[in-house]
Amino acid sequence: FRRPAFLTVSGQLQAEAYACAVGKVYTFGPTFRAEESHTARHLAEFWMVEPEIAFADLGDVMDLAEAMVKHVLGDVLSVLPDDAAFFHSACAKGLPG
């Protein structure tokens, strides 16, 4: 092939086209992040939701992010109250609420 090639694990390019067609779309899948490290453990894998919205300004994006966080936390509190209580007792000591 003898030409530079670039690799992505993101569906963002396709999602941008879908967002122009239907307005709002989300991609959900594994994401990898490599950090500079002096150990063998420098690659992290996690799952991420990527919203794409067409013709949006900063205010629209902030509203979407706020609504998503409220929805997810509401589900966690209602569906997984024991996990939320454990987090509060073990990880969130000193936080209000």
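This is a short walk through one predicted chain, from its overall layout down to a few single residues.

Okay, housekeeping. The model is predicted, and local features need pLDDT of at least 70, side-chain atom pairs count only at pLDDT 80 or more, while totals for chains, interfaces and linings use all residues. Residues are numbered from 1 along each chain as its sequence is written, and side-chain values use heavy atoms, with hydrogens and water left out.

Let's start with confidence. pLDDT is the predictor's own confidence in each residue, on a scale from 0 to 100. The chain averages 79, and 73% of the residues score at least 70. Going by elements, helix 2, residues 58–79, has the highest mean pLDDT at 91, and strand 1 has the lowest at 76. As a reminder, where pLDDT is low, the predicted coordinates should not be read in detail.

Now the layout. We have 3 helices and 2 strands, and from the N terminus the order reads α-β-β-α-α. Those elements are DSSP runs numbered from the N terminus: helices are H or I with at least four residues, strands are E with at least two.

How much of the chain is buried? Of the 97 residues, 11% are. Buried here means under 20% relative accessible area, exposed means over 50%, and partly exposed is in between, with a 1.4 Å probe and protein chains only. The chain exposes about 8,700 Å², and carbon and sulfur atoms supply 63% of that. Areas come from the Shrake-Rupley method with a 1.4 Å probe; for residues, only the protein chains shown count as cover. As for contacts, meaning heavy atoms within 4.5 Å, take those between residues at least 6 apart in sequence: 33% of them join residues at least 24 apart.

On to the residue I'd like you to click on: Glu52, in strand 2, residues 43–53. Glu52 is buried and yet has no salt bridge. A salt bridge, for us, is a side-chain nitrogen of Lys or Arg within 4 Å of a carboxyl oxygen of Asp or Glu. On charges, Lys and Arg count as positive, Asp and Glu as negative, and His and the chain ends are not counted. So where is the nearest side chain of opposite charge to Glu52? That is Lys24, 13 Å away. Leaving out residues up to four places away in sequence, Glu52 touches Gln12, Ala15, Glu16, Ala19, Gly23, Lys24 and Val25.

How many salt bridges does that rule give? The count comes to 1. Lys70 pairs with Glu66, and their closest N and O atoms are 2.9 Å apart. Both residues lie in helix 2, 4 residues apart, or about one turn of the helix. Lys70 counts as exposed at 56% relative accessibility, whereas Glu66 is partly exposed at 42%. In general, side chains of opposite charge can pair when their charged atoms come close.

The elements giving two or more residues to the nonpolar patch are strand 1, residues 24–34, and strand 2. Tyr26 lies in strand 1 and is partly exposed, with a relative accessible area of 45%.

Phe32 is in strand 1 too, and it counts as partly exposed at 41%. Between Phe32 and Glu45 there are 13 residues of sequence separation, and 4.6 Å from C-alpha to C-alpha.

Last stop, the loop between strand 2 and helix 2. Phe55 sits in that loop, and it has a positive phi of about 55° although it is not a glycine. Is Phe55 buried or exposed? Exposed, at 77% relative accessibility. Ala56 lies in the loop between strand 2 and helix 2 as well, and it is partly exposed at 32%. Setting aside residues up to four places away in sequence, Asp60 touches Ile53 and Phe55.

That's my tour, thanks.
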